[in-house]
Number of protein chains: 2
Amino acid sequence: MKRYKLIIEYDGSNYAGWQKQKGLPSIQETLESRIQELIKEPVQLFASGRTDAGVHAKGQVAHFESEKEVDPYKLTGALNFFLKSTNIAILEIAEAEERFHARFSAKMRYYEYLILNRNAPSILFPGKFWHIKEKLDYNLMQEGANYLLGKHDFTSFRAKDCQADSPIRTLNLVLFEKEGDIIKFTIAARSFLHHMVRNIIGTLRLVGNKKISPEQIKLILEAKDRSKAGQTAPPQGLYFLKTDY
Amino acid sequence: MKRYKLIIEYDGSNYAGWQKQKGLPSIQETLESRIQELIKEPVQLFASGRTDAGVHAKGQVAHFESEKEVDPYKLTGALNFFLKSTNIAILEIAEAEERFHARFSAKMRYYEYLILNRNAPSILFPGKFWHIKEKLDYNLMQEGANYLLGKHDFTSFRAKDCQADSPIRTLNLVLFEKEGDIIKFTIAARSFLHHMVRNIIGTLRLVGNKKISPEQIKLILEAKDRSKAGQTAPPQGLYFLKTDY
């Protein structure tokens, strides 16, 4: 058996998420069916991060196994041709080691969250930001985010339906940057809880508009109580960026 | 008479350009008609840069005069509501001095050109790049571009139908940056010749893929011969960025 690693970009707007779901369009099923058509063999894809409905990816990683030896470069071209009518593109396919697993071998995952902070909605990139009209102070948001760095119990930022065994996670990077009217947030950890990034952003927004102080993020974290944190930020601002192995 | 200055974002994909043209959709006409509906008075817009068909703007500047005193903030909101079905948004309206002219008062204009340099087309931002598959060396492109800095006769980079009196222009900034697979080019001058930015990019692309050396840009410039330079780069990678007054 040969194992192949894919780097994938997608616009999640019209998908119910990465994962296969009966009767709903998913990235996984769309990709699996096109690969199967090409290599004439049933395939199963495993992804680094199973993104939710409406979440985008600039560098999702997935792998599949095949009996056949395929030319990764040719498969990339053919697959992108087959994917033309979808909102998915393959950026790269490479042969991987037999023990490589897109999900379980991951050492670090990176997400990006984009906020458009101005009055007018985005004309050039619709559906690609959380559009917030009230002025946000991204330096305050950075201060607040810094309290989340390191190993913590993230119960306050965890979705009710989260299936993870433990609420303990280790955040290795939280970075706010501003370019024009866009506030860009980059966050990295080995793994995340369900809705964790969106719940963190929804809470830091309250720091940005001065509803709460940066220091309150520490108290919200320590409360281990989801009801103390802010709303779940909308999916269209979230991008799965990359994975380190 | 009061004078109002507008900052405008638009997706140029479905427009024949800024300027009004009989029977074709233009940014100018779309905007003028919406403003007229709102303030019940004929208006004429003057833009900083009359972008071509398919060219986008992140910060076009325009002005109009009105007999009426309008509240700039309220007009922005109302106008954006009226513009909902279009690909145009008003980022800001401000009252301007009586002698302010969006075109003639401009001290410096900035354009951005975006190249997506990878095999797969853009899924997340379709129609917003020049998609070039062959690997480009953006450091070589920078070297080539540096020969264009300063005051020169830009005949080699001027469209045949250019109506400017003189081919002499002064380039104040040429900057190549790379973020992931995107090569971003920023260029600034008090004014440009017709197609000048796109002809420069179409020529620097030949430097990027090593068809010609950076030093040849100097020879092409000195030749004052349009046929010595490269193709006109496509409009969808070009953005009117901002104007200094």
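What share of the contacts in chain A with a separation of 6 or more comes from residues 24 or more positions apart? The share is 71%. The model shown here is predicted.

**View 1. Chain A as a whole.** Chain A holds five helices and 10 strands. Its radius of gyration is 19 Å, close to the 18 Å that the globule rule gives for 245 residues, so chain A is as compact as a globular protein of that length. Taken along the principal axes, the C-alpha atoms of chain A fill a box of roughly 55 × 40 × 30 Å. Of the 245 residues in chain A, 53% are buried.

**View 2. Where chain A touches chain B.** In this contact, 26 residues of chain A meet 26 residues of chain B. The area buried between the two chains is about 1900 Å², and carbon and sulfur atoms give 63% of that area. Eight residue pairs are in polar contact between chain A and chain B. On the side of chain A that touches chain B, the elements giving two or more residues are strand 1 (2-10), strand 3 (56-66), helix 2 (72-82) and strand 4 (88-96) of chain A. Strand 4 of chain A gives the largest share of that side, four residues. By class, the side of chain A that touches chain B has 13 nonpolar, six polar and seven charged residues.

**View 3. A salt bridge between the chains.** Side chains of opposite charge can pair when their charged atoms come close. Between chain A and chain B, the count is four salt bridges. One of them joins the side chains of B:Lys184 and A:Glu179, at 3.6 Å from N to O. Over all chains, the count comes to 30 salt bridges.

**View 4. A salt bridge between two loops of chain B.** B:Asp11 and B:Lys128 form a salt bridge, with the closest N and O atoms 3.0 Å apart. B:Asp11 lies in the loop between strand 1 (2-10) and helix 1 (27-39) of chain B, and B:Lys128 lies in the loop between strand 5 (108-116) and strand 6 (130-131) of chain B, so the pair ties together parts that are 117 residues apart in sequence. B:Asp11 counts as buried because its relative accessibility is 9%, under the 20% limit. B:Lys128, at 6% relative accessibility, is buried too.

View 5. The closest N and O atoms of B:Glu32 and B:Lys20 are 2.9 Å apart, and the two residues form a salt bridge. B:Glu32 lies in helix 1 of chain B and B:Lys20 in the loop between strand 1 and helix 1 of chain B, so this pair ties together parts that are 12 residues apart in sequence. B:Glu32 counts as buried, at 3% relative accessibility, whereas B:Lys20 is partly exposed, with a relative accessible area of 42%.

**View 6. Salt bridges within chain A.** A:Arg99 pairs with A:Glu97 in a salt bridge, the closest N and O atoms being 3.0 Å apart. A:Arg99 counts as exposed because its relative accessibility is 70%, over the 50% limit. A:Glu97 is partly exposed, with a relative accessible area of 48%.

Notes: Residues numbered from 1 in each chain as written. Chains lettered and ligands numbered in written order. Predicted model: local features only at pLDDT ≥ 70, side-chain atom pairs only at ≥ 80, totals over all residues. Heavy atoms only, no water. Buried < 20%, exposed > 50% of the residue type's maximum accessible area, 1.4 Å probe, protein only. Contact = heavy atoms within 4.5 Å. Buried area = accessible area lost by both parts, 1.4 Å probe. Polar contact = N/O pair within 3.5 Å; in protein donor to acceptor, adjacent residues only side chain to side chain. Nonpolar A, V, L, I, M, F, W, Y, C, P; charged D, E, K, R; others polar. Rg over C-alpha atoms; globule rule 2.2 N^0.38 Å.
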